[in-house]
Amino acid sequence: MKKISVIVPVYNTKEELIPCLKSICSQTYKELEIICVDDGSTDGSGQVVDEFAEKDKRIVVFHQKNGGEGNARNQGLAMATGDYLAFCDCDDWIGQGMYENLARALENDHLDLAASGWYRVTGPSFLEMKNDLPVNPGVFGRDELLKYLYMRDSYRGFAYMWNKLYRREALEGRKGGRILFDETLKLGGDVVYLADVALRVKRAKYIGKAFYYYNQREESGCHTKDVEKLRDWVRAYEIVLEKFEKEEISQEIIDYVKRFMAYHCSNAVEIAAAQGNEEAKKDFQQRMQLYEPEYVSLNRRYPERVQRFYQLLKR
């Protein structure tokens, strides 16, 4: 049986961490290496992972000074010895059969990547994120994978880094060595990382069943009000654009990335305006204008989005 290394960066999520680790330890796929990198937690999360490690020898714990999520994930990658790799955020959890189903797909179809569906968790409720358009039920290649990742309105159940299992070789660069997270980005490192991996994928498959539970806490990075972190998020998509243009990825996919860029800039404008940060607001508005044609064109079915976009440009 192939070994799966599950990388869990841990930082100050003591209450959510317990169900997260329980869900990984109780997987029906038993050949696991569970790597918990405690990134300088101050709330007792480090003690929680130590206690779990005492009970389950598959858990490997590394304690370090706070270096950020990208740094913690890179440490996990350096420690991973598995044939397959997965990522799980420390405030999320997974269904029991997730890794068994994804590993079976990787093995049977000789894949680089297998993806499952996921649930969005908001407080006590959760909602399965379903695709509006059908995903190819067979094996598909890089370009089709990119379509599923970035045409987010049509394929909500596909995107993100954590609802996937990767063959070890798929996480290696063309010149050798492991693909690493950009540690200069306070937010958006996963955006760049998934793009890097997707460019390397030759064979992928989607398992329609949802297993991953994405816990959208107000304290999480995706809800940040920190303008500097928001700048990094936008920068992450700029990096992806640069990579895709260099690789001559189709204009359709590049336009969808630009649409994401404009969307995140519009959110940042709202936050900067609420904080009275005129400099940041104008900076984000200028970036919105750069990608206005793509945003408007790809949101024709959503006139309310376009109306909001122009309102924020004038704000």
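Which residues have the most contacts inside the largest nonpolar core? In this predicted model, they are Y150, F158, Y193, F244 and F284. The core has 69 residues. Helix α8, spanning residues 251-274, supplies the largest share, with 12 residues. In soluble globular proteins, nonpolar side chains tend to be buried together.

Y150 shows how such contacts are made up. Beyond its neighbours within four places in sequence, Y150 is in contact with A195, V240, F244, I253, Y256, V257 and F260. F244 is itself among the residues with the most contacts inside the core. A second core is separate and comprises 39 residues. Its members include C25, L32, Y84 and I94.

Aromatic pairs number 24 in the structure. One of them joins W118 and Y160. Their ring centres are 5.3 Å apart. W118 counts as buried because its relative accessibility is 4%, under the 20% cut-off. Y160, at 28%, is partly exposed.

A further pair is formed by F126 and Y213. The ring centres lie 5.6 Å apart and the planes are at 75°, so this pair is edge-to-face. Y213 counts as buried because its relative accessibility is 17%, under the 20% cut-off.

The surroundings of Y213 extend beyond its ring partner. Not counting residues up to four places away in sequence, Y213 touches D92, W93, I94, G95, Y119, V121 and F126. One of these, I94, is a member of the second core. The C-alpha atoms of Y213 and G157 are separated by 12 Å, although the two residues are 56 apart along the chain.

Ring pairs also build a cluster. W118, Y160, W162, Y212 and Y214 are linked in this way.

Charged side chains meet rings at two further sites. The charged end of K209 sits over the ring of F211, 5.5 Å from the ring centre. The charged end of R231 sits over the ring of F284, at 5.6 Å from the centre. F284 is also one of the residues with the most contacts inside the largest core.

Methods
Residues numbered from 1 in each chain as written. Predicted model: local features only at pLDDT ≥ 70, side-chain atom pairs only at ≥ 80, totals over all residues. Heavy atoms only, no water. Core = buried A, V, L, I, M, F, W, Y, C linked by side-chain atoms within 4.5 Å. Buried < 20%, exposed > 50% of the residue type's maximum accessible area, 1.4 Å probe, protein only. Helix = DSSP H or I, 4+ residues; strand = E, 2+ residues; numbered from the N terminus. Contact = heavy atoms within 4.5 Å. Phe/Tyr/Trp six-rings, centres within 6.5 Å; stacked < 30°, edge-to-face > 60°. Lys NZ or Arg CZ within 6 Å of the ring centre and 35° of its normal.
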